[in-house]
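Open the model in your viewer and keep the selection tool ready. This tour moves from one selection to the next and says what is there.

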Amino acid sequence: MSDRSGIREFLLAFADDEHLMGQQHTEWIGVAPFLEEDLAFSSIGQDELGHAALLYELVLELDGIEPTDAAVDQLAFRRSSRDYRSCHLVEYTTGGWAEALVRHWIYDTFEELRWEQVSDSAMPRLASITRRARREEAFHRRHADALLDKLLAAPEARSRITDALQTIAHLVPGLCEATAGEASAIAAGVTAGPTAKLFEPLARAIEERFSPSVGVGTDETGRFVTSATAGLTTTDQDQRTRRSDWFEPLMARMREVLDYDPAAVW
Amino acid sequence: MDVYEVFVKKDGRDEFRHVGALEAATDELALVLAREGYVRRAEGDRLWVVRRDHVIVADDGFVAPNADKPHRHHDGAAVAARRRAAREAPE
Amino acid sequence: MRRWAAAVARSWVAMEDFEAFLDGGGLVEADDDMPDPYRQAVFAFIEMHANSELMGGLTERDWIPKTPGLRHKMAVLAKTQDEIGHGHLLYMVAADLGVKTRTEMLEDLFGGRSRFHNVFHYRAVTWGDQVAIAFLVDAAALISQQAVFKDCSYGPYKRILRRIIAEEGFHMRLGEDRMMRIAEGTARQRRMFQESLDRWFWPALQLFGPDSKPDDPLLRWHIKSERNEVLRDRWVQKFVPMLQGYGFSVPAPDLRWDDETRRWDLGPIDWAPLQRTLAQGGPDSARRIGEAADNWQRTAWVRAALSKGGARSDSSTVADNSRVSANGGASASGGNGGG
């Protein structure tokens, strides 16, 4: 793999995660548990979609394509499934608001670490996007923490949140999985280190956040629970080249209007 | 849930202004939710939230009418009259 | 030392005094001892406006995940966020009137016991409908809201309308921008949008409600400042030529240009569809209300956990509830004209 395509894949994984995470958040507009939360969660979704658009522009620049909105949309919506580099956690269709909240917390905790890795990127545009993104991510994390502080203190809510964590925990290692060419991105100084290195601090943060109701270690089936040491870095994502079963229905929904008339500009 | 009153101001401009209210379970949630509820278009860059039951309210009539206190409202009429008289007076 | 809601500010001995105060441009505040019929009328009006903003957001939400384009999606998400935000602002102001709490209002809405605007009893079945709503319906709502804002006697409502109207201005421009892209677009796009116009033109027009009654208390008390038929006509005179100018046809068989008055005349209006929506019998009423109710119930655990140990006072009402009788008093003429 050439350096350029390695860097491209690194950026694409980042962008696709942001895109699909933002997309998933849009499903909650109007149906969050209370009106104030509707407004906050919608803003977070808008932020993630905005990050995706900026990162797709970087990919287009690498490709030598002018980063117009139309070109961004071509990249965001028109690739074949195998060319996406999203992780399964952001493809996952949640079973309710508890899972959406826990995923939001995990994703944004990870994002703080991920953006930090590129804050001194050799790609000047990426470094400048990072400054903006980190301000937004800090708020996302604060929002999720403020809710969890209160919800985890109430027994019924705590058990729902813990169940939600157990349900999605096996998708967490995939979030920290790198694409095949990441070494090129590191060598070129685009990012400071391997994405896989973020797994341990993320797992520690999860453990701390949800303690004591979530134990340390793995469950009977060997699934990741919270431990940072259980060696659960294997996934079925094949370095982010394999899509989950949730992906096609999600993408069909996202493309419905675009497919109605491929020649149209909306 | 408690009701919080939300106040916003723009840097270097005007005073804090009351912009509305919201319900929140904690002070931290009130701040977090006020950010996206009231200043998501940067309607201000400073934000206060105050629990409604902490607001001390003056009764109606507590603020005295001031129309009968002309000594606080020099309108300059007397000065203007003297100046006019001085200008018009023969040398 | 008096805290919020501990006493009333101003009071009026007789309705005539109160009405003279209103006629003189007086603004009523939440902690005033306003006459009960006024309280009930202004509450019912704001509650319906709040319900409509929320249900409007839910109508749009069906299509948001399918928005064609990444930045386009951010824009429509921000718009619907505003609509939900308007609902929030309005419910807070309505709750302070002490007639119903915010929870009671939402539960009445999801229980099918409350009214909301006729247009949100219809379903957006294509993306074209989404654009038609942003263009036609938002414009109708904006015309109504501007007329309320101009001379509204209830201070808290007037103040939040300033923000609401400013945001609706963003939405109007977004809607027109999207409509123009379609007007300049492919034959398929234009056909889709014409079908949307055929579906949404009349419901949007009926949002203004039937002609105001001569003795409409909302007008007498300066809650509204213009009659329904005046506002409706303002919308017709603006949108008929605009739609035609973009090459679309107005789905009104009796439409004619009156050379004498120099105005567009739509001919007679069939109000039966509006009456059906007011009785929750609109084309999408059951699904819309049912889904909202299910969702409300599914997320009840969150609200329960947040309120536990957190409620220091029932401070959601400013007014002393005991003073508010169940006397429904005056309600909006036509019931649908505001907001």
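Start in chain C. Select α5(C) and α7(C): α5(C) passes α7(C) in a right-handed crossing. A crossing is right-handed if the near helix is turned clockwise from the far one by less than a right angle, and left-handed if anticlockwise. Helix α5 covers residues 127-150 of chain C, and helix α7 covers residues 187-206. Their axes come within 9 Å and cross at roughly 35°. Axes here are lines fitted to C-alpha atoms, for helices over the stretch in contact, and angles run from 0 to 180 degrees between N-to-C directions. Helices (H or I, at least four residues) and strands (E, at least two) are DSSP runs, numbered from the N terminus.

This is a predicted model: local features need pLDDT of at least 70, side-chain atom pairs count only at pLDDT 80 or more, and totals for chains, interfaces and linings use all residues. Residues are numbered from 1 along each chain as its sequence is written, while chains are lettered from A and ligands numbered from 1 in the order in which they are written.

Now show the side chains between the two helices. On α5(C), pick residues including C:V131, C:L136 and C:A140. On α7(C), the residues they meet include C:F193, C:L197 and C:W200. Two residues are in contact if their C-beta atoms, placed from the backbone, lie within 7 Å. By class, this contact has 12 nonpolar, 2 polar and 3 charged residues. Ala, Val, Leu, Ile, Met, Phe, Trp, Tyr, Cys and Pro count as nonpolar, Asp, Glu, Lys and Arg as charged, and the others, Gly among them, as polar.

Next, select C:I165. This residue sits in helix α6 (residues 155-183) of chain C. The cut-offs are 20 or more for buried, 12 or fewer for exposed, and partly exposed in between, with C-beta atoms placed from the backbone. Leaving out residues up to four places away in sequence, C:I165 touches C:L142, C:Q145, C:Q146 and C:F149.

Zoom out to the whole of chain C. It has 12 helices and 2 strands. Of its 339 residues, 48% count as buried.

Move to chain B. Select its open sheet of 3 strands, in the order β2-β1-β3 with antiparallel pairing. Strands β2 and β3 of chain B stand at the edges with a single partner each, so one side of each has no neighbour in the sheet. Strands pair if DSSP finds at least two bridges between them. β1 (residues 2-10) is joined to β2 (residues 13-24) of chain B by 8 bridges, and to β3 (residues 46-51) by 6. Pick B:V6: it stands opposite B:G20 in β2(B) and opposite B:V49 in β3(B). At the hairpin of β1(B) and β2(B), find B:G12, with a positive phi near 70°. Then select helix α1 (residues 27-38) of chain B, which lies across β1, β2 and β3 and runs at about 115° to β2(B).

Finish where chain A meets chain C. The contact takes 42 residues from chain A and 38 residues from chain C. Which helix gives the most to the side of chain A that touches chain C? Select α2(A), with 12 residues.

Notes: Buried ≥ 20, exposed ≤ 12 C-beta atoms within 10 Å, placed from the backbone.
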